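Please look over the sequence and the model below before reading on. The paragraphs after it go from one residue to the wider arrangement.

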Amino acid sequence: MKAKHLRNRWLGLLPLGLILFLSGCGQLEMTVLDPKGPVAQSQYDLIVYSLWFMLGIIVVVFALFAYMLIKYRENRPGRKESDYDPNLHGNTTIEVIWTVIPIIIVVLLSIPTVTTLFDLEKPPEPAAGEEVKEPLVVYATTADWKWFFSYPEQDIETVNYLHIPTDRPIEFRLTSADSMSALWIPALGGQKYNMAGMMTKLYLQADEEGVYDGRNSNFNGEGFAAQTFKVHAESEEEFNAWAQEIQNEAPELTADRYNELLQPGLTDVESFSNTHLEYVKHHTKDGMGYVVENYREQFKEKLHLYEIEKQESFQ
Amino acid sequence: MHITDILVTGEPIIYGAMVSMALVGIALLFILTYFKKWKWLWSEWLTTVDHKKIGVMYILSALLMLFRGGVDAMMMRVQLAFPDLGFLNSQHYNEIFTTHGTIMIIFMAMPFLIGLMNIIVPLQIGARDFAFPYLNALSFWSFFFGMALFNISFVIGGSPDAGWTSYTPLSGAAMSPGPGQNFYLMGLQLSGIGTLATGINLMVTILKMRAPGMKLFHMPIFTWSTLVTCFIIVFAFPILTVALALLTIDRVFGAQFFTLTGEGLPMMWANLFWMWGHPEVYIVILPAFGIFSEVIATFAKKRLFGYNVMVWSMIVIALLSFLVWVHHFFTMGAGAFVNSVFSVSTMLIAVPTGVKIFNWLATLYKSKIEFTVPMLWSLAFIPSFILGGVTGVMLGMAAADYQFHNSYFLIAHFHYVLIAGTVFACFAGLVFWYPKMFGHKMNERLGKWAFWLFFFGFHVCFFPQYFLGLDGMPRRLFITNVAEWLPLNVISTVGAFGMGLGFIVFVYNVYYSFRYSERETTGDSWNGNGRTLEWATTTPVPYYNFATVPYVDEIDPYIRMKEEGKTTFEEDKVKPIHMPSYTGQPFIMMALLGLASFGLVFEWMYVAVFGLIGAVFMMIRRSFDYDDGYYVPVEEIKRTEKKARGL
């Protein structure tokens, strides 16, 4: 696995390899540099593209810097009279050169940045020859400090874990019941904020089956470190079977149960055979202050988290 | 509210802090009383309007805050390297990273640089003091009481815990009840008065009080950087003032500007904060660029390469700094077009910055580099800052930023630019101008130890964090609960302790040099390599700075003065010098405003109103103050100068 991954990504790891060597820890599997879907792939490509420029800049500046320090140190043996010109004060040609080169670099970096930005606003395109699939809509709602994933199509809801089919774009509709948070699944792509009273869209897709780490990446208080979830990417059939099973066997999410879950605190993973969207829509003006108004007192209590990985509610 | 509700209880670390603070306090009181220094403290320091003494007080406060913020950092590093220790819980960790960030930016970096500006800028332009010396004292005391207010939150009431960015709705009354967040708001508001006033004060000083003949494009580069910084301060700080006031009104008086209820606009805070916050990072980096330029030219013994380009690139950076704030939240979902615009404007800042780097390198070309301690800090800045700069460009590429945002990649980036830029500059500038301030140099051998420890510690600490970010470790995480992240975190912590050790050696060097360093006999302390007017004064600098102000019509005027044998004491031209009188009013006025702020923190309205009325009374009193200062007689000037110059 490691070796294969190394071969595939050698281009990107070459500039990093040098630096990694310095960090003294041959830890080559960095999530962001090991994309598992087209969105993460496009961001990975952009990062690697920019890394080459950055490496070039570093080499040029370091080389010039070393040259100046070695050649023009005051006590270098064999210094010549001509090595010192205290009145040298500028040169228009060279100033123009080293202004224009950075501008060119900025242009070269801007073009792929802008095109990628516009691409990320749309569902990822299927590979050549494959059919276009409608994105699967998942409402990802955060409340301090947990995740609700609502699947309107399947009419199910999960808490603190996520199942997605591979090779199909997922359209996340992000919102928050209280504090601002962000959905980040580094293996599948970059993040976007969840904000109360509004909705943001984030397209992600998994090409490989597997279990990936997802989390809230935006600090939002005491339980922030525990606001994580596992992403189970599986084939379309497995996903459908799982959704059917939840629909058949999981309990109903009642309004009372949902209100209970909304209270600030940590909870376990859970599954329900309907969604909370029928009770309250946090992305609307009406649903925006729902949690704060109802649970003002609970926000004053502290969790006193120490070693969260040893707590029952969090594994 | 009962006293036990106010004191923070139940944490051994905080009890330890209380005890040590109390002990230091008692020791200070004892020393002042035992050596009968109370009168000296009041008449020489608390009432001073002398820009040099105010500058020294700024720098001392900033060093104290560097210690406090550094201890915060060490505690975080210990927690992250040894998560099983249970050293800090989540709440405590959140408070510590909040105070670390706020203190390092607002109460360390800015006052350190403002302290250096205070001392050096009037000397560089041939001025006798600031344009408004009374206001300068006021600025310092507003900063000082703001700093004190922010710091007592540790033991009284509880520290703020919503991050130095204090994003709403988290920092609002609903989700962060209690006084903690109020300490943040009032501490910053109070010290912000001083920063804004200093910006105006220095701007007027530089524009109106330059030596005869000195045009803007004759000014030393550090003075230029200060002038550009002042413009940023004057345009950016009012935004912070308004944002802080609105959030204070939200929290204390129940308004709903940034709340989730009542159709508030929580995301407006992020916009307002960064409309100030991004210019703010240039407020702390441009003066650093100025310091490096001075130090590099001095110890390369060569004129700064491309002076005009250096100045214009600072001006361009200042303008661009107001056009990039959205890059702090590309992930807010503003859309591809908005993100594209801010992405390009962000990357454009790399152009003038890159030009500056090349001009510094060109300054070294055909020079005679002398590796003194200030030069070491300045040279180390170039490669270190490049690493922070290129990763900054990567962060500016919005589509990639979706992966970098909120991660340790970002943490590594901004520590690379802020430490290699601002902190290195603070050390370089302090060591460089130390003889001007205290009449003796800092020991070179100890200085080199401090430098190398800090330099290696810095890279070992922050370089691994780029990789932690690429592996998905988010910032502000109180526990390293993913096994793959642990090794790099341990390395990082080792580096942090290296930096801590470097700082201790630096502080020891202050003491050692005070005891053993040779006292300066000339004003031109660095082997006669001074280029600008501050080196033309004697050491220690007389309180009126210049007996006679020289005529200046070029960059680096002191070089020609030395060639022509001119000094700032032309005996036949000495005239009586007009100087401002010392006054205790700024101290008292700001102490009263500090009291008002303290009242607002705990929402004790009687205290707040009492303090406010007191401060307004002091302002009215100032309006009827007819003290126009005094004249230093010619005889005294001649006596002082002859003694200092050994004539």
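In which loop of chain B does Pro576(B) lie? Pro576(B) is in the loop between α18 (557-563) and β1 (577-579) of chain B, where helices (H or I, at least four residues) and strands (E, at least two) are DSSP runs numbered from the N terminus. The model is predicted, so local features need pLDDT of at least 70 and side-chain atom pairs count only at pLDDT 80 or more, while totals for chains, interfaces and linings use all residues. Residues are numbered from 1 along each chain as its sequence is written, and chains are lettered from A and ligands numbered from 1 in the order in which they are written.

Pro576(B) counts as partly exposed because it has 13 C-beta neighbours inside 10 Å; a residue is buried if 20 or more other C-beta atoms lie within 10 Å of its own, exposed if 12 or fewer, and partly exposed in between, with C-beta atoms placed from the backbone. Not counting residues up to four places away in sequence, Pro576(B) touches Tyr631(B), Val632(B), Pro633(B) and Val634(B), a contact being two C-beta atoms, placed from the backbone, within 7 Å. From Pro576(B) to Leu85(B) the C-alpha to C-alpha separation is 67 Å, and the two are 491 residues apart in sequence.

The largest nonpolar core has 296 residues, and those with the most contacts inside it are Phe292(B), Phe424(B) and Ala428(B). Such a core is a set of buried Ala, Val, Leu, Ile, Met, Phe, Trp, Tyr and Cys residues joined through C-beta atoms within 7 Å. Helix α15 (residues 408-438) of chain B gives the largest share of this core, 22 residues. Beyond four places in sequence, Phe292(B) is in contact with Trp360(B), Ser378(B), Phe381(B), Ala425(B) and Ala428(B).

Chain A holds an open sheet of five strands in the order β4-β10-β9-β6-β7, with mixed pairing; two strands pair if DSSP finds at least two bridges between them. Its edge strands are β4 (161-165) and β7 (189-194) of chain A, each pairing on one side only. Strands β9 (residues 210-216) and β10 (residues 228-234) of chain A run antiparallel and are joined by six bridges. Asp213(A) has Lys230(A) as its bridge partner in β10(A).

The contact between the chains takes 81 residues from chain B and 88 residues from chain A. On the side of chain B that touches chain A, helix α12 (residues 350-364) of chain B provides the largest share, eight residues.
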